[in-house]
Every structure is written in C-alpha cells, then in structure tokens.
Amino acid sequence: MSTFTAFYTAWSDQLQQLLRQLCSAPKPPTTQDHLHHLNHLVNKVLSHYAEYYRVKAAAAERDVLDIFAAPWASAFEKSLHWIAGWRPTTVFHLVYTESSILFESHIVDILRGVRTGDLGDLSPTQFRRVSELQCETVKEENAITDELSEWQHSVSDLMGATPDVDKMIERLVTVVRKADDLRLRTLKRVVDMLTPQQALEFLIAAVELQQGIREWGMNQDRECNY
C-alpha cells in the first residue's frame, strides 16, 4: 500500500465522520450559536478537502503516474475521473439537482410566500452568480483538458534520441496541480455563494455522492474478485 493510499483511506474515514456531524447539525439555524456552528462545520469540511489536495500535490511530485493510476480508487471511481479526480463542473450539476429536488418538495410553501432558506430557495442573484461561475469553470476545465492533450501528443518525443523524460513528467505534474486547484477553488467559490444552511446542505449532498460512489464501486470490485 502506497503512502498516499494509506492517507486516502484515513482521510475518507474522517470525511465520513464529518458527514455525520453535518447531518446532525440544526437545520434551519434558529439561534446565533446554531449559525456559528454551521459556519464552523462548513469551514471544517473545506479545510479537510484542502488538506487532501495539499497531500495529493506532494504525492504527485513524488510519483504523478501513481496519482493517475489511483490504486486507492475502485474501477468505477476511476471511470469517472477527469485528470486524476472529479470534474469541477460536477459541482454545478449537484447544486441544480439538489435545488430542484428541494424546490419541488416545498413548492406549496414557496407559492404561499414562505421562505425555506434551503437549497430549494436560491435567490435569482445566487442562480446568476452560480451560472456565471459555471461558465468560467467550463473554460478553465477545457483549457486544462487541452493542456493534457498536448502533453499526450508529445509522448512521441520519447522515441527521439535523447528524450527529456523528467521534463515531461514535470509538465504532467503541473497539469494535475492545475486540475486540483480548479476543483478546490470551484468548491470554495460555490460555498461562498450560499448561506450557511445552503452550504451545509450542499456539502452533505457532495460528500454523500462521493462516499456513495466509492462504496458502490468497492462492492463491485469485491464481487468481481470472487
């Protein structure tokens, strides 16, 4: 087991503990203490993700090909990967899906003018800001994809007389770093656009999706190995 694989296993277990804390938090917050608690939990989860990318960056410097191989992930998880991780624009699909589900469940209250304060109650300004960020993220995502494509096309240089393998590996590390930076930055910017309650609900949905995919994928791998 690689060092990063061991780290990821422990990190994922801690994420599951954070999910339980998120789910048990008071929603909606009815006191100032509740609000502080929600903000604390949101920042705690974001810090946990930041730690993941910090350690991953160091691991990529040591062996970027191992990061692409992702031995800690199931085959199903790997099939969903974009440059050794989740696609940043997935965040926006999650926001829209959760908002739609909650909106439909509260539609009677909303029509009566009752504000729920959850993800189903996003304001027009919030929708506009999320949409604008989505467009920005798509452009950055495409640019990084193009950079990886250029790197892949340059593999033919390895057939030359004196291939500079170290330089090629450094370029690949840079691509991964850019992808991970976009992932974390997108997550943080979306959270910044939400109220504490909405941010909490969004992170619950994000962690449940991540953990659900991981659990299902690992179960499938175990069945295939029997």
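Tutor: A helix here is a DSSP run of H or I with at least four residues, and a strand is a run of E with at least two, numbered from the N terminus. The model is predicted, so local features need pLDDT of at least 70 and side-chain atom pairs 80 or more, while totals for chains, interfaces and linings use all residues. Residues count from 1 along each chain as its sequence is written, and side-chain values use heavy atoms, without hydrogens and water.

Student: OK. Where is Pro28 found?

Tutor: Pro28 lies in the loop between α1 and α2.

Student: Changing topic. At what angle do the axes of α2 and α7 cross?

Tutor: At roughly 170 degrees, and the two axes come within 9 Å. Axes are lines fitted to C-alpha atoms, for helices over the stretch in contact, with angles from 0 to 180 degrees between N-to-C directions.

Student: So are α2 and α7 roughly parallel or antiparallel?

Tutor: Roughly antiparallel, therefore (the label for angles over 145 degrees).

Student: Which residues of α2 and α7 make the contact?

Tutor: From α2, they include Val42, Leu46, Tyr49, Lys56, Glu61 and Phe68. From α7, they include Ile169, Leu172, Arg177, Asp180, Arg183 and Val191. Contact means heavy atoms within 4.5 Å.

Student: How many nonpolar, polar and charged residues does that contact have?

Tutor: It has 16 nonpolar, no polar and six charged residues. Asp, Glu, Lys and Arg count as charged, Ala, Val, Leu, Ile, Met, Phe, Trp, Tyr, Cys and Pro as nonpolar, and the others as polar.

Student: What about α6 and α7, at what angle do they pack?

Tutor: Helix α6, residues 124–153, packs on α7 at about 170 degrees, with the axes 10 Å apart. That makes α6 roughly antiparallel to α7.

Student: Which residues of α6 and α7 make that contact?

Tutor: Among them are Leu133, Glu136, Ile144, Glu147 and Trp151 of α6. On the α7 side, Met168, Arg171, Lys178, Leu182 and Arg189 are among them. By class, the contact of α6 with α7 divides into ten nonpolar, three polar and nine charged residues.

Student: Next topic. What is the count of salt bridges?

Tutor: Eleven. A salt bridge is a side-chain nitrogen of Lys or Arg within 4 Å of a carboxyl oxygen of Asp or Glu.

Student: Which side chain does Arg214 meet in a salt bridge?

Tutor: The side chain of Glu77, at 3.6 Å from N to O.

Student: Where in the chain are Arg214 and Glu77?

Tutor: Arg214 is in helix α8 and Glu77 in helix α3, which covers residues 75–79. The pair links distant parts of the chain, 137 residues apart.

Technical notes:
Angles under 35 degrees count as roughly parallel, over 145 as roughly antiparallel, 65 to 115 as roughly perpendicular and the rest as oblique.
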